[in-house]
Amino acid sequence: MATLAELLDDLVADVDGVFLFSPSASYYERFDSRDDLVVIAPENTVDAETFVRLPLEFTNVEDRIKFGIEGAMDENIVEEGDTVICSASMFDGDADTLTRVRVGENMRSGVYDLIVNSRADPNVVRDVFEVAVELGKKGQKGKPVGALFVVGDAGKVMNKSRPLSYNPFEKSHVHVGDPIVNVMLKEFSRLDGAFVVSDSGKIVSAYRYLEPAAEGVDIPKGLGARHMAGGAITRDTNAIAIVLSESDGLVRAFKGGKLILEIDPEDY
Ligand SMILES: Nc1ncnc2c1ncn2[C@@H]1O[C@H](COP(=O)(O)OP(=O)(O)OP(=O)(O)O)[C@@H](O)[C@H]1O
Ligand SMILES: [Mn+2]
């Protein structure tokens, strides 16, 4: 029979990295001599040599860990096949959880890059992405719907688009992330055109017909006008586009005129 300490030894044996999620200074100092230490936190308050930024609140520890590992992959700190031990706090206070994780290429969803390296606020990108995923999962009244969200650089996006109908958000000051707004976005997704969202998350307009220049846009063949317009506007402006396809149900994101993420909402 193994003792508890032996079981823990097995858990942490032969790891390629030790990932500390938001460690306190005193906890961090206890590890000081290791050179495979990675701190993953909103800010590098412990002055760690290797640091990955976590720009969002994650109450769910699994989501936090997945997001942090994807960030570490993006920064070339770990790669597929590596095994890391993650230390995190699940309840209040200091680290209370150790998890052994094998890094897989399937963890590189593109979501970290999208959220961290976009012009708009990371929380705004996350909220819009989640609305698109939820819409993709449930559809609208059981039927599949498509939707196009253009996020960030809203002034320029407005200049490169025109209204298809009156803008229901004209005089309102509503922001993505409000539960009521998410209901409105889902409701309006049945209507034509794009939603335009500002860097700070204000919904600037619905019903926008995008008219970006399409030259130099590198979008996979087979995608239609919604995806082309969404992709092209991100080359013409510093916005990103998050697109839910009505026909194949996938959520895609575009940045700089390129497809950077493609996920099935059912798997997310
Ligand atoms: N330039 C545009 N700006 C904003 N919305 C557009 C534009 N072009 C198309 N759309 C919207 O996309 C909808 C679907 O068009 P289309 O089928 O050509 O796109 P798609 O890329 O094939 O998307 P899906 O996979 O959802 O069918 C249109 O009904 C319209 O609401
Ligand atoms: Mn289509």
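The largest pocket in this predicted model has a volume of about 560 Å³. Its lining is made up of 18 residues. Those that lie nearest the centre of the largest pocket are Lys66, Glu70, Ser109, Val111 and Tyr268.

Three helices each supply at least two residues of this lining: H3, spanning 61-74, H4, spanning 111-116, and H5, spanning 122-138. Helix H3 provides the largest share, with 4 residues. In terms of domains, the lining of the largest pocket takes at least three residues from domain 1 (4-108) and at least three from domain 2 (112-267). Sorted by class, the residues lining the largest pocket comprise 9 nonpolar, 7 charged and 2 polar.

The second largest pocket has a volume of about 290 Å³. A set of 18 residues lines the second largest pocket, and Leu148, Asp192, Gly193, Ala194 and Arg226 lie nearest its centre. Two or more residues of this lining are given by each of strand E9, covering 203-210, and helix H8, covering 225-236. The class division for the second largest pocket is 10 nonpolar, 5 charged and 3 polar residues.

Terms used: Residues are numbered from 1 along each chain as its sequence is written. Chains are lettered from A and ligands numbered from 1 in the order in which they are written. This is a predicted model: local features need pLDDT of at least 70, side-chain atom pairs count only at pLDDT 80 or more; totals for chains, interfaces and linings use all residues. Side-chain values use heavy atoms; hydrogens and water are left out. On a 1 Å grid over the protein atoms alone, a cavity is a set of points where a 1.4 Å probe fits but cannot get out, and a pocket is an open set with protein on both sides within 12 Å along at least five of seven lines; lining residues have an atom within 4 Å of a point. Grid points are joined across faces, edges and corners, and a volume is the space filled by probe spheres set on the points. Ala, Val, Leu, Ile, Met, Phe, Trp, Tyr, Cys and Pro count as nonpolar, Asp, Glu, Lys and Arg as charged, and the others, Gly among them, as polar. Domain bounds come from an automatic or database domain assignment.
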